[in-house]
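Please look through the structure shown below with some care.

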Amino acid sequence: MAAAMASQGERAVLEEEFKWLLQEEVHAVLRQLQDILKEASHRFALPTSGSGGAVKQENFVLSTSGTDQVKGVMTLQGDALCQADVNLKMPRNNQLLHFAFREDKQWKLQQIQDARNHVNQAIYLLMNRDVNYQFKTGLEVLKLMDAVMLQLSRARNRLTTPATLTLPEIASSGLTKMFTPTLPPDILVNFYINLNKLCLTVYQLHVLQPSTTKNFKPAGGSVLHNPGAMFEFGSQRYEVSHVHKVECVVPWLNDALVFFTVSLQLCQQLKDKISVFSSYWNYRPY
């Protein structure tokens, strides 16, 4: 009898704790998540003054410790490369090639655009309820946290996992038409984001003659193609002879990745707290 009463008393305490969790702590965590993700969203826009100001332009010098074959200065404005100035030293004859974006062109970095959209979707999920709304079940909170975490994971993955492209896809990309003077047919370029870095890859090609004895095997999709990779474009077959990769750190991308990690941890901690209640005497707050 005493054991049963103790059990009832403990259950009542649990129910009070869980009620407080749903009515108070959940909302505190949601507010905290909103604040963090709004900071993350602001990193992608960087207005110069107020929310309606123009997006700030930032200049970055692309370099690598391994070679000085390629040097570049990029101007990033939010999710767009609005200027690019690249010098390429050709290995065979040390000829210096210079090419830059046309003044009427800019290149959208889809990874940044997608990551920002996922962050804003997560913010929408967190705010899409009346200010006086009360959660009634733990399952309701778990579903919300899962939906928010899905958007945050997608945002993070867009920055940490560059697209795999075939060499013909790079060759037919609109990026090849961005430059003045026009890129020579034996040069391919590709820009992408990898974690907190803006990367530029330059591929030098040579034409495979019909009489070549090499066994032609077209390369598949990859983030970075190695020398020796072959592909067919138009009526011509090519082989990659040299690959040059230069990069620079974009500090606000690093900030955004940190915000994503902290937010995912907060979501998981709240899920764990709710799940704890289901482990007591088959108590299921769902």
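## Confidence along the chain

Over residues 281-286 of this predicted model, pLDDT stays under 50, although the model has 22 contacts beyond four places in sequence for this stretch. Residues 1-6 also stay under 50 in pLDDT, but for them the model has zero contacts beyond four places in sequence. Where pLDDT is low, the predicted coordinates should not be read in detail.

For the protein chain as a whole, the mean pLDDT is 85, and 89% of the residues reach 70 or more. Confidence is lowest in helix H1, which covers residues 2-45 and has a mean of 80, while it is highest in helix H3, residues 138-160, at 95.

## The chain as a whole

The protein chain contains five helices and 10 strands, and of its 286 residues, 41% are buried. Among the contacts in the chain with a separation of 6 or more, 65% are made by residues 24 or more positions apart.

## Helix H2 and Gln-111

Helix H2 runs over residues 110-127, and its 18 residues reach 26 Å from the first C-alpha to the last, which is close to the 26 Å expected at 1.5 Å a residue. Its buried residues are Gln-111, Ile-112, Asp-114, Ala-115, His-118, Val-119, Ala-122, Ile-123 and Leu-126. As background to such a list, an α-helix has 3.6 residues a turn, so residues three or four places apart point the same way.

Is Gln-111 buried or exposed? Gln-111 counts as buried because its relative accessibility is 9%, below the 20% cut-off for burial. Once its neighbours within four places in sequence are left aside, Gln-111 is in contact with Arg-158, Leu-159, Thr-161, Pro-162, Tyr-192 and Ile-193.

Two packed helices are described by the angle between their axes and the distance between the axes. The axes of H2 and H3 come within 8 Å and cross at roughly 165 degrees; angles over 145 degrees count as roughly antiparallel, and H2 and H3 are therefore roughly antiparallel to each other. H2 passes H3 in a left-handed crossing, and the residues that meet there include Gln-111, Ala-115 and His-118 in H2 and Leu-144, Val-148 and Arg-158 in H3.

H3 also packs with helix H5, residues 251-277, at an angle of about 155 degrees and with the axes 9 Å apart. H3 and H5 are therefore roughly antiparallel to each other, and H3 passes H5 in a left-handed crossing.

Glu-239 has its place in strand E10, residues 236-249, and it is buried because its relative accessible area is 7%. Leaving aside neighbours within four places in sequence, the residues in contact with Glu-239 are Gln-204, Leu-205, His-206, Leu-208, Lys-214, Gly-228, Ala-229 and Met-230.

Gly-220, by contrast, lies in the loop between strand E8 (197-207) and strand E9 (230-233), and at 44% relative accessibility Gly-220 counts as partly exposed. Which residues does Gly-220 touch, not counting those up to four places away in sequence? Gly-220 touches Leu-165, Thr-166 and His-225. The C-alpha atoms of Gly-220 and Pro-168 are separated by 9.6 Å, with the two residues 52 residues apart along the chain.

Notes: Residues numbered from 1 in each chain as written. Predicted model: local features only at pLDDT ≥ 70, side-chain atom pairs only at ≥ 80, totals over all residues. Heavy atoms only, no water. Helix = DSSP H or I, 4+ residues; strand = E, 2+ residues; numbered from the N terminus. Buried < 20%, exposed > 50% of the residue type's maximum accessible area, 1.4 Å probe, protein only. Contact = heavy atoms within 4.5 Å. pLDDT = per-residue confidence, 0-100. Expected span 1.5 Å × (residues − 1). Axes fitted to C-alpha atoms, helices over the stretch in contact; angles between N-to-C directions. Parallel < 35°, antiparallel > 145°, perpendicular 65-115°, else oblique. Left-handed = near helix turned anticlockwise from the far one by under 90°.
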